[in-house]
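Colleague: I'd like to learn how to read a model like this one, feature by feature. Could you walk me through it?

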Amino acid sequence: NGAICIQPCSPPFHGETSFVCENRKWQMFTDACASLDVQSLFQVSSGPFLHVCCTSTTFFSAKYFGADDYGDSNCQADFSCIIPDILSSPAIPGNIADIVELLKKISLLFLENVNRGKMQSYSRIANHILNSSIISNWAFVRDRNASSILLDSVNLFAGKLLLRNGSESIQEHFISTKGYSIHKNSSGKSFDFSMAFSNTGNITGHMVIPEEELLKLPKTSKAISVAFPTLGAIIETSRLDPGLVNGMVLSVSLPEELRHILLTFEKVNKLENVKAQCVAWHSAERRWDSRACTVKSDNISSVVCICRHHRRTFKSFSILMSPTTLRNAVLDYITRLGLSIFSLVLCLIIETVVWHHVTKTEITYMRHFCLVNIATSLLIADVLFILAAVMHNTALNYQLCVAATFFLHFFYLALFFWMFTLGLLILYGLLLIFFKITRSVLIATAFSIGYGCPLVISILTVAITQPKNGYLRSGACWLNWYETKALLAFVVPALSIIVVNVVVVVVVVVQTGRSSVGEGCKSQDLSNMIRISKNVALLTPLLGLTWGFGLATIVDSRSLAFHITFALLNAFQGFFILLFGTLLDRKVLGSLQHLFWIIRTFS
């Protein structure tokens, strides 16, 4: 596994194909086989024109050029002479990479006098590799940033488009460019696009420059917008970003004075239970960034976004649909249940009332000591979870979100480490019967594990990821996953503790089973099974084993059933702790009955 094999391409193609070994099978990794050769395509000669090197491997033959050094004047004006060979070439991964490189060179070298003819030729070339039928081929392009390079190149070239009579419109199937002259006395200027996304139908996009923004213009300027119905899907094929683009990509080129625009995107997948997110393409970091946009309205068919335009950073916009952000009324209701918080508060009150009656031995003292800290950690984490959701939904400042995430991370880790401490205490009581440890040592060890370890992990996580703005995930006050994997600082300790506590439960089951060995009566089997089942039921919520069901939401993040099951178990954990940790404890119940008898006697 992981071995790489490189194979040369069969004639007439040149280049190579690489394969990677996965599960004892060779899987194609990259395909650089090409029939085009752009390495020797353009050279900058003494003049400002295109000059094609007529080598034997170049697909641009000498038929396009006259006797002079600069070639045919028509080709110089709009380089249309190269289009027939490009359009007749197969859109295989190697050719896609070469065409992206060609468009990049054109956008860098020939930005002067970008007229309608040049933009039409440029659009026809780009349209060839934006076709919806060849999106899957982009997955095997060697340069994973090829789609981002294409987007930047088109934006740069289109931004220099000259407008005839104050407007311009150039339409291809999979790329459309529109431009208008704008000035401060204009009413709000709008750009409307309706384009084919696939053979099944069209999608629309709408961009508006608000009138209050136009008032900022000191002189007449131009606004250019480019629409890409398939580019979002192309970007997905070469990235590990789980956010699925659910509309066209709209690029804009505006004067520096204009910062805010209004964008309306029609959704490709009109699913009611999937949340939409407005995003901008961060051209420097080559990723979708939600910080530049906010959702103004969202319905089943379209989304309206307010976005911040920046000429060097944010020029392209779209909407994402995240499969891990399921928006369902049942799920929203369950996650906001107050039963867990109410149960935890009641648990702490009961523990306070009966504390002196149930903590007379070292083991019972430490058991209730761990239980109180588990309940306290979960209670604070639940409250912080609600506050973090409120902070995100009301768009409060970034620093508050960082602080909420830090403490949320800390107290959820504390919950797990206290459950780990309780598991170790159970092993101590079962296996080290004749080895006694003083209460002060037990308490110091428990505090070190329960709060010390989470504090170290939380501080290291924020110290390592926050300087690179990789601490928070996009769209929530919680740890980042897709850029910095900060979430591993929670997932790895939590899953490790769950595994250890599963071992603890197995040890308890084995010890319980051994206690009845030698009794010599088959009637004891039933009572033995009941005793084992009771122990498992008691320990499962106290040791956090219900969190193991969260693995199901990772295996299949689209399944609503898994999300609802995990949300139910999570929401009711506080109730389970109250029930199994406190109310079913015989000593606690006895103390409560005694207290109620005293109250009734005096009343």
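Modeller: Let's go from the whole chain down to single residues, one feature at a time.

Modeller: First, some ground rules: this is a predicted model, so local features need pLDDT of at least 70, side-chain atom pairs count only at pLDDT 80 or more, and totals for chains, interfaces and linings use all residues. Residues are numbered from 1 along each chain as its sequence is written, and side-chain values use heavy atoms, with hydrogens and water left out.

Colleague: How many helices and strands does the chain come to?

Modeller: Helices (H or I, at least four residues) and strands (E, at least two) are DSSP runs, numbered from the N terminus. Here the chain has 18 helices and 16 strands.

Colleague: And what share of the residues count as buried?

Modeller: Buried means under 20% relative accessible area, exposed over 50%, and partly exposed in between (1.4 Å probe, protein chains only). Of the 603 residues, 48% count as buried. Accessible areas come from the Shrake-Rupley method with a 1.4 Å probe, and for residues only the protein chains shown count as cover. The chain exposes about 29400 Å², with carbon and sulfur atoms supplying 61% of it.

Colleague: What do contacts say about residues 24 or more positions apart?

Modeller: A contact means heavy atoms within 4.5 Å. Among contacts with a separation of 6 or more, residues 24 or more positions apart account for 68%.

Colleague: Let's take a residue, then. Where does Trp138 lie, and is Trp138 buried or exposed?

Modeller: Look in the loop between helix H4 (116-129) and helix H5 (146-158). Trp138 counts as buried because its relative accessibility is 1%. Leaving out residues up to four places away in sequence, Trp138 touches Ile96, Val100, Ile129, Ala146, Ser147, Leu150, Ile234 and Thr237. Pro93 is 45 residues from Trp138 in sequence, yet their C-alpha atoms are 6.0 Å apart.

Colleague: Can we do a strand next? Which residues does Gly179 contact?

Modeller: Gly179 sits in strand E5 and is buried, with a relative accessible area of 0%. Setting aside neighbours within four places in sequence, the contacts of Gly179 are Leu163, Gly166, Ser167, Glu168, Phe191, Ala223 and Ile224. Ser253, 74 residues away along the chain, has its C-alpha 9.2 Å from that of Gly179.

Modeller: Ser176 is also in strand E5, which covers residues 176-182. Its relative accessibility is 0%, so Ser176 counts as buried.

Colleague: With which side chain does Ser176 make a polar contact?

Modeller: A polar contact is a pair of N or O atoms within 3.5 Å; within protein, one must be able to donate a hydrogen and the other to accept it, and residues adjacent in sequence count only if both atoms are side-chain atoms. For Ser176, the partner is the side chain of Gln171, at 2.9 Å.

Colleague: On to charges: how many salt bridges does a search of the whole structure find?

Modeller: A salt bridge is a side-chain nitrogen of Lys or Arg within 4 Å of a carboxyl oxygen of Asp or Glu. The search finds 9. One of them joins Glu168 and Arg116 (2.5 Å, N to O). Glu168 is in strand E4 (residues 167-171) and Arg116 in helix H4, so this pair ties together parts 52 residues apart in sequence. Glu168 is buried at 5% relative accessibility, while Arg116 is partly exposed at 25%.

Modeller: Another pairs Arg439 with Glu362, the closest N and O atoms being 3.4 Å apart. Arg439 belongs to helix H12 (residues 439-465) and Glu362 to helix H10 (residues 362-393), so the pair ties together parts 77 residues apart in sequence. Both are partly exposed, Arg439 at 28% and Glu362 at 34%. Elsewhere, salt bridges that share partners join Glu285, Arg287, Asp289 and Arg291 into one network.

Colleague: Finally, where does helix H9 bend?

Modeller: The bend at a residue is the angle between axes fitted to the seven residues ending there and the seven starting there. Helix H9 (residues 339-358) bends by about 40° at Thr352. Its buried residues include Glu351, Val354 and Trp355.
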